[in-house]
Amino acid sequence: MITLRKDLDLIANLVEDNSKVIDIGCGNGELLNFLSKNKNSKIQGLEINQKKVNKCVSKGLSVIQGDADKDLGLYPEKSFDYVILSQTIQATLEPEKILIELTRIGKRVIVSIPNFGFWKVRLDLLVKGKMPITSKLNSTWFETENIHLCTISDFTDLCDQLNLKIKQTVTIASNKQKKFSGKPNKSANIFAEEAIFLIQN
Amino acid sequence: MNEEHKKNDCLFYNDPESLLLESGQIINGHDIAYKTYGTLNSKKDNAILICHALSGDQYVASSHPITKKEGWWERMVGKDKPIDTSRFFVICINVLGGCMGSTGPASINPETNKVFAVNFPIITIADMVKAQVRLIDNLEIEKLVSVIGGSMGGMQALEWAASYPERLKSAIPIATSSRHTAQNIAFHELGRQAIMADVNWNSGNYKDKNTNPSKGLSIARMTAHVTYLSEASLTKKFGRKLQDKTDLGFGFDADFQIESYLRHQGHTFVDRFDANSYLYITRAMDYFDLEKTHKKSLTEIYANTNLKFLIVSFTGDWLYPTSENLMIVRALSAGGVDVSFVEIDSDKGHDAFLLDEPEFDVCLDGFLKSL
């Protein structure tokens, strides 16, 4: 039995057995490995870092090198049951375009984000007057890959604007999770450190 | 020669059926020389086909009968190696048109009892694969675990996957391309012109006269060999070092080590390769263009193919660069095909796929274990 990082475990819970899944920005393939072994998923990964890609392939995972900003156009419409973008959208050049692409290629889309509206983040900025550093946002402003950070409310607003239906949300704060059918309530924007959205159109 | 191959446990399949070639010409019966390693299990479902490159042959994991050197991929094929012969039954076939036992331009034309020479029909990569399929049929193997090959071997793997996907579980094309580029054709043309400019070539009929266009073939090999290396690897290995002397010779002898090395490469090649075979095989590679042959786009050729692909390229390979390999990866992704792609960091040029690249071994091993 493989144990998964908490947020990945929650994502895996949203995936039905025997599905075709692509993980965009799959890193070392932790989630893909779990899905293929425990959920009998037909998996595919896209990862920008070639070293990480090689690591995935040496584990027997189907992964190619590619860039979420450039390469999603390759895939045909609704070619996956699930498209997963975990902790990556904030590091992309054009999050709006990517969200549209994800819903084009997948029947269901799972996106997880670090919540910039989390109270500790707000407090850091308010009290110290410096860019916040937390367990989820752990790089300095000049080192971070996160160029499009957003809050839970920002993200749900963008989904509304694009007419994307959030079917389920899971929020996480200090390892406690909360489930919402549909969008989360307003307080989640303050108390959740990260959020996972299941989008289905 | 075939007697010599038989002594080296080389197997022969005398295919009695006529073979219709892509050109429309027909070969009436032909020989296929091949080597096997490991044991075919009772279900006959553990076979892997390794396809050799332009100057390769069936001796993938055992010593070469002429050069006595170890097999060309011995570091990859064998017990407990990535292509593990204690698990897999490995088959390696000398291509149609080759000169190591399979029927080619150096063979006797049964209709005239003379050497084929340039009367041998032009063959293509698809024809080579067609002949391979016949052998696999004859061995009663329904499905191969994988077809693996680098360079021209990769072209064969791509053609297998395009025309016979139901016969494969996976395909591993390495350092290859879906069609020959102008640069690829240009270098091959240099080699062919060198052979044909040798007076001993004699319009291809050198066997009758007991001569050999060894100068021409040797130059062809020298040219090609440079394309398999890289500036970085040449600089690292030779730089401007002189061969057995302390100063320039002020003449045209091999002053530099690189000259001496290339001359050696050329000389040793002519002992084991037939000049006409070189013409035919380079031509087959130049004609290779999957989209043209299959009259479909790459994506359409492989769309929804139910087999796993592993594509491998090397950063220092300028002959079949990453961009060419990526074109195949993108087409496969667009077709919804299960594909893995790795680019291995190496400054060894195109030949890297044959050399010691531990990261490549680990990737290939992981992929094969996942099947």
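Trainee: What share of the residues of chain B count as buried?
Mentor: Of its 371 residues, 48% do. Buried takes 20 or more other C-beta atoms, placed from the backbone, within 10 Å of a residue's own. Keep in mind that this is a predicted model: local features need pLDDT of at least 70, side-chain atom pairs need 80 or more, and totals for chains, interfaces and linings use all residues. Residues are numbered from 1 along each chain as written, with chains lettered from A and ligands numbered from 1 in written order.

Trainee: How many helices and strands in chain B?
Mentor: 12 helices and 12 strands. Those are DSSP runs: H or I of at least four residues, E of at least two, numbered from the N terminus.

Trainee: What is the radius of gyration of chain B?
Mentor: 20 Å, close to the 21 Å from the globule rule for 371 residues, so chain B is as compact as a globular protein of that length. The radius is over C-alpha atoms, and the rule is 2.2 Å times the residue number to the power 0.38.

Trainee: Which domains are assigned in chain B?
Mentor: Domain 1 (2-180 + 289-369) and domain 2 (185-281). The bounds come from an automatic or database assignment. Their C-alpha centres are 25 Å apart.

Trainee: Switching topic: how many residues of chain A are in contact with chain B?
Mentor: 16, against 20 residues of chain B. Contact means C-beta atoms, placed from the backbone, within 7 Å.

Trainee: Which element gives the largest share of chain A's side?
Mentor: H3(A), with 5 residues.

Key. Buried ≥ 20, exposed ≤ 12 C-beta atoms within 10 Å, placed from the backbone. Contact = placed C-beta atoms within 7 Å.
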